[in-house]
Amino acid sequence: TQVTDRFHVQKLAYDAVQNLRIKHRWQALDIENSEIEQAKTIGKSYIPNVLPNGDTLKQLLARSRYFLFKHYSKWTQKQKDRANLLFDRYPDIHRAYQIAIELFDIYQHTKVKGIAFTKLARWYEKVDQSGIKTFGTVKRTIQQHYMSILNYFDNRSTNASAESFNSKIKAFRLQLRGVRDTHFFLFRLSKIFA
């Protein structure tokens, strides 16, 4: 898949949010493990802190994975409650999620290339100001391929059909176990897929 594909750029943004969530989950696991060790040393059983929805902190971070990939307008009530708990405790995850959703909304609602350029520049600036390091890959991708990314806004089409056809050609070539005669291969390809 090309780096400039709309879905690839959005996936990179959502992955940045997930990386931040995972970082906090490892920290929560470390804290819980040290609390378990402390309880063992004084001879007590460990009782974890339980949040109002019944989750422990590490469970909250683990169970937040799926709704962080979705737009907030598509959350269920249970996901909204879990999001409120998560965002109250981790404002950096909330900010990262907002940044990812802003990128999604640019792609979803912008139809003019010039306006998209301005919105992407503002979004890039917000990422810089946020200081969230997990967005580094997304920033570099947009910086290196912004002209190709902006081409999406001309007629709102992606390279999905070309990628699909390319995978069909690869599967066909694999089925033949390679190509010896290129002209005959292209002839067969045109007869089957034309």
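**A walk through the helices**

Visitor: Where is His24?

Guide: His24 sits in helix H1. Helices here are DSSP runs of H or I with at least four residues, strands are runs of E with at least two, and both are numbered from the N terminus.

Visitor: What kind of model is this, and how are residues numbered?

Guide: It is a predicted model: local features need pLDDT of at least 70, side-chain atom pairs count only at pLDDT 80 or more, and totals for chains, interfaces and linings use all residues. Numbering starts from 1 along each chain as its sequence is written, and side-chain values use heavy atoms, with hydrogens and water left out.

Visitor: Back to His24. Buried or exposed?

Guide: His24 is buried, at a relative accessible area of 10%. The cut-offs: buried is under 20% relative accessible area, exposed is over 50%, and partly exposed is in between, with a 1.4 Å probe and protein chains only.

Visitor: What does His24 touch?

Guide: Leaving out residues up to four places away in sequence, His24 touches Leu61, Tyr90, Asp92 and Ile93. Contact means heavy atoms within 4.5 Å.

Visitor: And Gln10? Where is it found?

Guide: Gln10 is found in helix H1. Gln10 counts as buried, because its relative accessibility is 6%. Its contacts are Leu103, Phe104 and Tyr107, again not counting residues up to four places away in sequence.

Visitor: Next, Leu86. Which helix?

Guide: Leu86 is in helix H3. It counts as buried, at 0% relative accessibility.

Visitor: What does Leu86 touch?

Guide: Leu60, Leu61, Ser64, Phe67, Leu68 and Ile93, not counting residues up to four places away in sequence.

Visitor: Switching to rings. How do you describe an aromatic pair?

Guide: A pair of aromatic rings is described by the distance of the centres and the angle of the planes. Rings of Phe, Tyr and Trp (its six-membered ring) pair if their centres lie within 6.5 Å; planes under 30 degrees apart are stacked, over 60 edge-to-face, and the rest tilted.

Visitor: How many aromatic pairs by this rule?

Guide: The count is seven aromatic pairs.

Visitor: Why is Tyr14 with Phe69 classed as edge-to-face?

Guide: Their ring centres are 6.2 Å apart and the planes are at 65 degrees, so the pair is edge-to-face. It links distant parts of the chain, 55 residues apart: Tyr14 is in helix H1 (residues 6–41), and Phe69 is in the loop between helix H2 (57–63) and helix H3 (77–89). Tyr14 is buried at 9% relative accessible area, whereas Phe69 is partly exposed at 32%.

Visitor: What about Trp123 and Phe135?

Guide: They also form an edge-to-face pair, 6.2 Å centre to centre, with 80 degrees between the planes. Trp123 is in helix H5 (residues 113–130) and Phe135 is in the loop between H5 and helix H6 (136–155), twelve residues apart. Trp123 is buried at 1% relative accessible area. Phe135 counts as buried at 0% relative accessibility.

Visitor: Which residues form one aromatic cluster?

Guide: Phe67, Trp75, Phe87 and Tyr97.

Visitor: Where does the charged end of Lys139 sit?

Guide: Over the ring of Tyr124, 5.8 Å from its centre. The rule asks for NZ of Lys or CZ of Arg within 6 Å of the ring centre and within 35 degrees of the ring normal.

Visitor: Thanks. That covers my list.
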